[in-house]
Amino acid sequence: MRFIRSFFFVLLITKCHIGFYFLNGGLFRWWTSETVAVVTGANRGIGFEMVRQLAGHGLTVILTSRDENVGVEAAKILQEGGFNVDFHRLDILDSSSIQEFCEWIKEKYGFIDVLVSLKDFDAIGFSLDEL
């Protein structure tokens with residue numbers, strides 16, 4: 001089930017800023033509006049801010065949440081602010097939820113470029129090889 005086109009791990013620590021890479025002495029912006037980012041547990045707090053920051057920089061961002069109603073509301077707030085945000089329910093501790101999410105991503109977007117998770121994959125027994 002490999003559909004991660006190119007995997008970037010984004011760690012946003014202070015103020016959730018996204019960095020530019022320096023290439024040949026100049027700034028290089030590695031993302032476009034076609035860059036697809038997934039943020040797990042993003043209905044509030046740090047996850048919500050990560051979605052806002054990534055979308056604010058022009059990425060297409062998938063906001064995920066275990067609670068569908070809360071997730072839909074969070075995505076709606078960002079969409080009303082003009083951000084390119086989509087929502088899908090995802091419980092990263094539930095293999096059937098992961099499978100459903102992977103199938104949805106493949107059907108709608110084909111791949112993901114960025115995965116931001118506030119959980120440690122090894123701690124929950126999830127492998128990126130499953131993707």
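**Reading the aromatic cluster**

Me: Which secondary structure does the protein have, and how are helices and strands assigned?

Reply: Helices (H or I, at least four residues) and strands (E, at least two) are DSSP runs, numbered from the N terminus. Here the protein has four helices and seven strands. From the N terminus on, their order is β-β-β-β-α-β-α-β-α-β-α.

Me: Happy to have that. What should I know about the model itself?

Reply: This is a predicted model, where local features need pLDDT of at least 70, side-chain atom pairs count only at pLDDT 80 or more, and totals for chains, interfaces and linings use all residues. Residues are numbered from 1 along each chain as its sequence is written, and side-chain values use heavy atoms, with hydrogens and water left out.

Me: How many aromatic pairs are there, and what makes a pair?

Reply: Rings of Phe, Tyr and Trp (its six-membered ring) pair if their centres lie within 6.5 Å; planes under 30 degrees apart count as stacked, over 60 as edge-to-face and the rest as tilted. That rule gives two aromatic pairs. In one, the ring centres of Phe101 and Trp104 are 6.1 Å apart with planes at 35 degrees, so the pair is tilted. Both residues lie in helix 3 (residues 95-108), three residues apart, about one turn of the helix. In the other, Trp104 and Tyr109 have ring centres 5.9 Å apart and planes at 70 degrees, so this pair is edge-to-face. Together, ring pairs join Phe101, Trp104 and Tyr109 into a cluster.

Me: Is Phe101 buried or exposed?

Reply: Buried means under 20% relative accessible area, exposed over 50%, partly exposed in between (1.4 Å probe, protein chains only). Phe101 is buried, at 7%, and Trp104 and Tyr109 are both buried too.
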